[in-house]
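Please keep the sequence and the coordinates in view while reading.

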There are 2 protein chains.
Amino acid sequence: MAEPALAADLAEIRALIAHLPGPDLDAGSAAAEREAQLTKPAGALGRLEELAAWLAAWQARHPPRVEHPRTVVFAGNHGVAARGVSAYPAAVTVQMVQNFIAGGAAVNQLCRTIDADLRVYEMNLDTPTGDIVDGPAMSEEECARALAYGMMAVEPGIDALAVGEMGIANTTVAAALCLGLFGGEAADWTGPGTGVSGEALANKRQVVAAAVARHRAEMGDPFDVLRRLGGLEFAAMAGAILAARMGRVPVVLDGFCSAAAAAVLHAVDPRALDHCVAGHVSAEPGHRRLLERIGKRPLLDLGMRLGEASGATLALAILKAAAACHAGMATFAEAGVSERS
Amino acid sequence: MAEPALAADLAEIRALIAHLPGPDLDAGSAAAEREAQLTKPAGALGRLEELAAWLAAWQARHPPRVEHPRTVVFAGNHGVAARGVSAYPAAVTVQMVQNFIAGGAAVNQLCRTIDADLRVYEMNLDTPTGDIVDGPAMSEEECARALAYGMMAVEPGIDALAVGEMGIANTTVAAALCLGLFGGEAADWTGPGTGVSGEALANKRQVVAAAVARHRAEMGDPFDVLRRLGGLEFAAMAGAILAARMGRVPVVLDGFCSAAAAAVLHAVDPRALDHCVAGHVSAEPGHRRLLERIGKRPLLDLGMRLGEASGATLALAILKAAAACHAGMATFAEAGVSERS
């Protein structure tokens with residue numbers, strides 16, 4: 001563990017985040033200029049107009065397009081699952097991956113409806129990460145590799161990325177990450193997940209508190225928090241978000257776990273998430289709190305709490321609509337429509 | 001005006017609303033039964049699950065489908081526009097209809113993105129309705145004809161209907177309808193519309209108050225309120241909503257004007273809107289208040305305020321997603337996924 005060469009990998013990622021590209025201000029200005037000429041009262045498309053300008057700035061082109069979106073689902077298993085924190089057995093992670101491959105999960109139907117490309121990434125499902133109550137989830141090497149693995153999900157040609165996960169016990173991990181990054185009480189961040197309540201929920205909260213207490217004194221920077229309290233799919237999501245920034249691909253975050261992975265980057269530099277939008281706010285209570293912390297206003301609020309990028313994928317429909325209105329609408333001059341009297 | 005034969009037309013519509021079909025409870029039960037078996041924690045798709053059951057009950061079939069949605073836009077002109085209540089000249093109504101026909105409006109791009117069929121209905125744009133400050137907007141005959149005209153928008157084969165409008169000055173009319181139906185102050189219901197503010201907004205509020213004061217003593221049932229304070233596109237939207245109920249087509253309401261037309265039916269019988277969902281809540285302040293009055297929780301809240309069925313059409317994407325998840329997901333048994341431990 002933590003040999004110099006491997007530590008260097010995380011060091012490279014730390015260096016990367018110090019040199020992230022910013023928005024393309026010319027493309028953003030071009031979007032604002034065109035928006036003002038389109039056949040509607042100024043501002044009448046609300047957040048669709050904001051999204052069009054945001055897409056232009058982060059795709060670095062005008063007009064922006066959302067024609068080849070991709071949904072990525074990273075799946076991981078967690079040592080802490082053995083502590084009875086989930087309503088489902090850990091075997092469900094691999095079973096659900098098989099369901100994704102067979103086309104039977106919610107995210108498959110959503111990708112089909114919205115015409116998004118779905119990629120599912122199994123991450124050593126036979127080898128859960130370390131139990132975070134006893135020690136770090138991952139070595140530096142494992143964490144760096146998982147980050148790099150997530151980066152590979154961003155390939156040329158995709159123009160928006162919905163980032164989600166599958167992993168029994170991972171709302172426990174997300175709660176631990178949030179408690180580690182932001183502090184507060186375990187109860188602030190720990191909710192029902194797939195549906196635990198009563199004594200099981202009380203146990204889950206104790207597990208989250210114990211995990212953070214175990215690492216508190218040794219925790220370093222946010223990447224070290226990720227390594228200690230996170231998991232493979234969290235590191236991969238963070239990697240995908242970073243790679244999307246480098247590749248000029250706007251990102252749609254999914255639920256609590258997706259936002260927790262993003263929060264690691266936000267804790268390093270809040271600007272690291274400027275190319276990300278929150279696809280939805282889930283019914284998991286910690287998610288709303290977390291979105292406030294990372295300064296994201298969700299596009300959808302439909303009481304979803306499934307993970308597997310379901311909310312983010314549904315929100316891709318809003319991005320598509322925003323880009324289509326911006327690119328396809330006629331201007332007042334083109335349509336011969338009178339402007340304000 | 002108001003000859004016996006023509007009054008009978010409105011009487012027929014009054015009779016119709018007394019015998020509206022209810023939900024198909026068998027289809028609703030079948031949806032609930034299937035939902036419980038799908039590969040996700042119970043309730044994890046939130047409102048998508050509610051929508052699937054609602055679609056089944058009002059389409060009277062299981063599984064429900066949203067494969068052939070239609071967006072309808074009724075366009076009308078208003079005598080009250082001459083009172084300077086809009087930021088735009090009345091000529092914009094017909095210009096925007098031309099823009100719809102040419103494919104250049106926001107709703108065209110949204111229908112293309114979401115794969116909805118768009119129909120635009122011009123309603124005597126050369127002949128605005130009566131100025132509601134001076135007298136009734138429509139005769140009984142005109143109102144009944146406009147209702148019947150709207151009914152024709154519901155044809156066999158469509159499986160969801162987004163209902164919207166275009167008409168310069170029609171947020172003034174919607175505000176008058178709401179004040180007539182629900183009472184309160186003119187300021188409760190009167191907002192910026194396409195973008196009036198300051199003195200122009202104060203004038204708009206006075207116009208709304210004056211219109212309702214002019215008719216208050218003579219107003220009869222909600223259809224009479226519609227005839228006096230409404231307009232052709234409002235009557236047509238109410239007709240389309242009624243015909244959709246008869247034809248087993250779930251309806252997505254759009255913004256303030258669309259909800260005001262629906263509110264006429266709600267005032268007759270609150271159950272008359274059980275087959276309707278609010279596609280979004282707009283930035284027009286009266287809309288949120290109105291949705292509370294008619295008991296509808298919006299699917300989207302994106303600060304839109306364009307009308308032309310734009311919010312309702314965007315919400316069709318949510319209905320499509322709900323139907324697709326419900327119909328296409330594997331059950332726990334089919335996928336070999338373990339249930340709760």
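A:D117 is partly exposed, at a relative accessible area of 28%, where buried means under 20% relative accessible area, exposed over 50% and partly exposed in between (1.4 Å probe, protein chains only). Its partner in a salt bridge is A:R70, with 2.8 Å from N to O; the term denotes a side-chain nitrogen of Lys or Arg within 4 Å of a carboxyl oxygen of Asp or Glu. A:R70, by contrast, is buried at 3%.

The model is predicted, so that local features need pLDDT of at least 70 and side-chain atom pairs count only at pLDDT 80 or more, whereas totals for chains, interfaces and linings use all residues. Residues are numbered from 1 along each chain as its sequence is written, chains are lettered from A and ligands numbered from 1 in the order in which they are written, and side-chain values use heavy atoms, with hydrogens and water left out.

Over all chains the structure holds 36 salt bridges. In chain B, the side chains of B:D131 and B:R83 meet in one of them, at 2.7 Å from N to O. B:D131 lies in the loop between β2 (117–123) and α6 (140–151), and B:R83 in the loop between β1 (69–76) and α4 (91–102), so the pair ties together parts 48 residues apart in sequence; helices (H or I, at least four residues) and strands (E, at least two) are DSSP runs, numbered from the N terminus. B:D131 counts as buried at 16% relative accessibility, while B:R83 is partly exposed at 32%.

A further bridge joins B:E141 to B:R145, with the closest N and O atoms 2.4 Å apart. These two residues stand four residues apart in helix α6 of chain B, and therefore about one helical turn separates them. B:R145 is exposed, with a relative accessible area of 55%.

Which charged pairs link the two chains? The count of salt bridges between chain A and chain B is zero.

Leaving aside neighbours within four places in sequence, B:L314 is in contact with residues of both chains, including A:L48, A:A317, B:L110 and B:L300.

Terms used
Contact = heavy atoms within 4.5 Å.
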